[in-house]
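Work through the following exercises with the sequence and the coordinates open beside you. Each one sets a task and then gives a solution in steps.

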Amino acid sequence: MAGVQETADVRETADVPNAAEVTTALPAVPDEDEPAAVEQTATLATTPPAPPPPGASPPSASAQPAAAPGPAGDATDPATPPRGDGPWWRRRAALVPAAAVLGLALLYGADLLVAGDDVPRHTVVAGVDLGGLSPAAAADRLTDQLAPRVTADRTLVADDVQGVLHPPAAGIALDVPGTVDAAADQPLNPWTRLTTLVTDRDVDPVLTTDETAMSAQLEQFAGTVDRPAVDATIAVDGDQAGVVPPVDGRTLDRDAAAETITEALSGTTDPATPIDLRVDVARVRVQVEEAQRVLDETVTPALAAPVTVLGDGSGAGAHSVELPVSAIAASLTFTPQDDGTLTVAVDPAALQKAVGDDFAVFGTPAQDARFEVSGASISVVPSVDGQGIDPAQLAEQLLPVLRTPAPRRVTATLGPVPADFTTEQANALGIKEEVSSFSTNFTSSASGTNIRVVAGEVDGALVRPGETFSLNGYTGPRGTAQGYVPAAVISGGELSQAVGGGISQFATTMFNAVFFAGLEDVHHKPHSFYISRYPAGREATVYEGQIDLQWRNDTDTGIYVQTEWVPGTITVRFWGTKHYDIESISGARHNLRQPAVQDKVDDGNCTPQSGSTGFDITVTRVFKDLTSGAELRREDFNTRYAAEAVIHCVAPPKPAADAPAATPPGTPGSTAGSTAPSSPPPPSD
């Protein structure tokens, strides 16, 4: 065709003015020396066709230049634009997604702009819908609907034990500003904002907690839950015996309990729904079958008849004494073994006590050495050996006889009976001077009675080197049968009444004697909130079966405990050998915590409280050399006091018949979601 020149040379390009350069891939015929597909380039140079002569007709379609061969020799339709024609941003495949992304970005920005400072749509906090509310309106709704639910009393359940949790007394409350801040925080994740168009956005409430106050309530509840494993054994009452079934031990999981309680108060659970807490179980060793075997084979024959004890000679040795069944029963002991068996023995001291003075016909009993305080000095009262029957030897002789049928006799060997605690042993303890003393004052008559009783029981206690003294273990039960009376106690962070109240004052007095004697503090628990008559950070509380005071004599000399009770004052004095001068340094009170305020219905058991500020304090015990006064070491006691709640006792609500008509929810004056004030829990035994 005129004006068109084709060049087959794949390496050269025709130099034609205004030529357009086109590159195409042409298939090559493969041969044995070349690959099957060789890309060849053809350069097509074109010039515009010459115009038709005057008067000539325009060229027909059939006269148009033929299209250059396309790939694989196919002709290219001149009406179809080449693929990839124009920039990428003008292509339809790119424009549509770009427009969609831009549209979504504009919608996302507009959604954020429209939301402003309001709580995001469909935001729900523990079942309370706050979506679209202003921060102030959200705070009001939380205060009306959620705060009363958080602070309402809850029933705690652990195994078969129930208790009551008072959230305000445990330092738990709804942090309304913190919750509003968390709820009003606009989510920036596009997917999250998209899903909130059709689903709720759940936000956890923010709670304020006081670990010390929470721990105090959990410890009190744990006291009713915790119990050691009790192996199957034999119970003897008078001359009757029976099997006591085993009871697995259990311990409240304190950490898990605190977490479970927090989750329950943060959720949508109705306050009337009990909160189940986890317990750890300790299995017993001795089963009921073993106890029944011991009862049948040993105990029942032992209590079948009395035993006659004969002397082994003339004179005093010619006498005889009958051991009644009651004395035998009182002296039997039962000890569980690790292999699951139950062993039986006769306790010499219990046997001697049960017989009383009856053994005096064989001679005179031994007298142990003892300590006697006179003014500012202490001395040893020597021991006295006895003559007659040695209870320890008799106990060994008696056990085999108890399995034989009546009549039963045992011939006891008479001779010197040494004292259990000799003069030499007493002198070796080095108890020669006052080591420490401490006094506290009291005003309550009932508490004073209990302090007098416990002081009388502890007076004269002897703690040898390396021994640990337990107040609960030394006194045993502290009930009405022992002379204790009801007095004030702290129960669940509140004041109430219980038998034995006031013993904590004695514990505090003894703890300070331990402190200034430089003895080892094994375990003491401060009160949950501060009591002003005690030294801050140097006090201790106890409760029978739950909270104990324990200290160890970590010196190489003995400690003799003397107690002095006078109306209004209790003194605990330690005698022994002084090893240190002790100095107490009290740090500043810090981390102050304000008390919660509660209105409680006065059902006859409500005790008003003025409240107190909670704080932390560190007391340092400084050990100094007696001779030089040089500091030897220091020991810190860190105490955290909860804030004592302010409690107002309010009159019970009027009967429903006298109450005004209910206000519809949502109208002014409505208190939807509120709960009645909680009542205090019963004191623990």
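**Exercise 1: a sheet**

Three strands make up an open sheet of mixed pairing, in the order 8-7-15. The model is a predicted one, in which local features need pLDDT of at least 70 and side-chain atom pairs count only at pLDDT 80 or more, while totals for chains, interfaces and linings use all residues. Residues are numbered from 1 along each chain as its sequence is written, and side-chain values use heavy atoms, with hydrogens and water left out.

Task: determine which strands are the edge strands, and describe how strand 7 and strand 8 pair.

Solution. Begin with the terms: strands (E, at least two residues) and helices (H or I, at least four) are DSSP runs numbered from the N terminus, and two strands pair if DSSP finds at least two bridges between them. Strand 8 (161–165) and strand 15 (275–276) are the edge strands, since each pairs on one side only. Strand 7 (residues 154–158) runs antiparallel to strand 8, and five bridges join the two. Within this pairing, Thr 155 stands opposite Val 164 of strand 8.

**Exercise 2: salt bridges**

Solution. Side chains of opposite charge can pair when their charged atoms come close. With a salt bridge taken as a side-chain nitrogen of Lys or Arg within 4 Å of a carboxyl oxygen of Asp or Glu, the whole structure holds 21 salt bridges. For accessibility, buried means under 20% relative accessible area, exposed over 50% and partly exposed in between (1.4 Å probe, protein chains only). Asp 248 is therefore partly exposed at 26%, and Arg 283 is exposed at 62%.

The next step turns to Arg 593, whose salt bridge with Asp 616 has its closest N and O atoms 2.9 Å apart. These two residues lie 23 apart and link distant parts of the chain, Arg 593 being in strand 36 (residues 590–593) and Asp 616 in strand 38 (residues 614–624). Arg 593 counts as buried because its relative accessible area is 14%, and Asp 616 counts as buried because its value is 10%.

**Exercise 3: aromatic rings**

Task: how are the rings of Phe 442 and Trp 565 arranged?

Solution. Rings of Phe, Tyr and Trp (its six-membered ring) pair if their centres lie within 6.5 Å, and planes under 30 degrees apart count as stacked, over 60 as edge-to-face and the rest as tilted. By this rule there are 15 aromatic pairs. Phe 442 and Trp 565 form a stacked pair, 6.3 Å centre to centre with 25° between the planes. Phe 442 is buried because its relative accessible area is 10%, whereas Trp 565 is partly exposed because its value is 30%. Elsewhere, one aromatic cluster is formed by Phe 438, Phe 511, Phe 515, Phe 516 and Phe 637.
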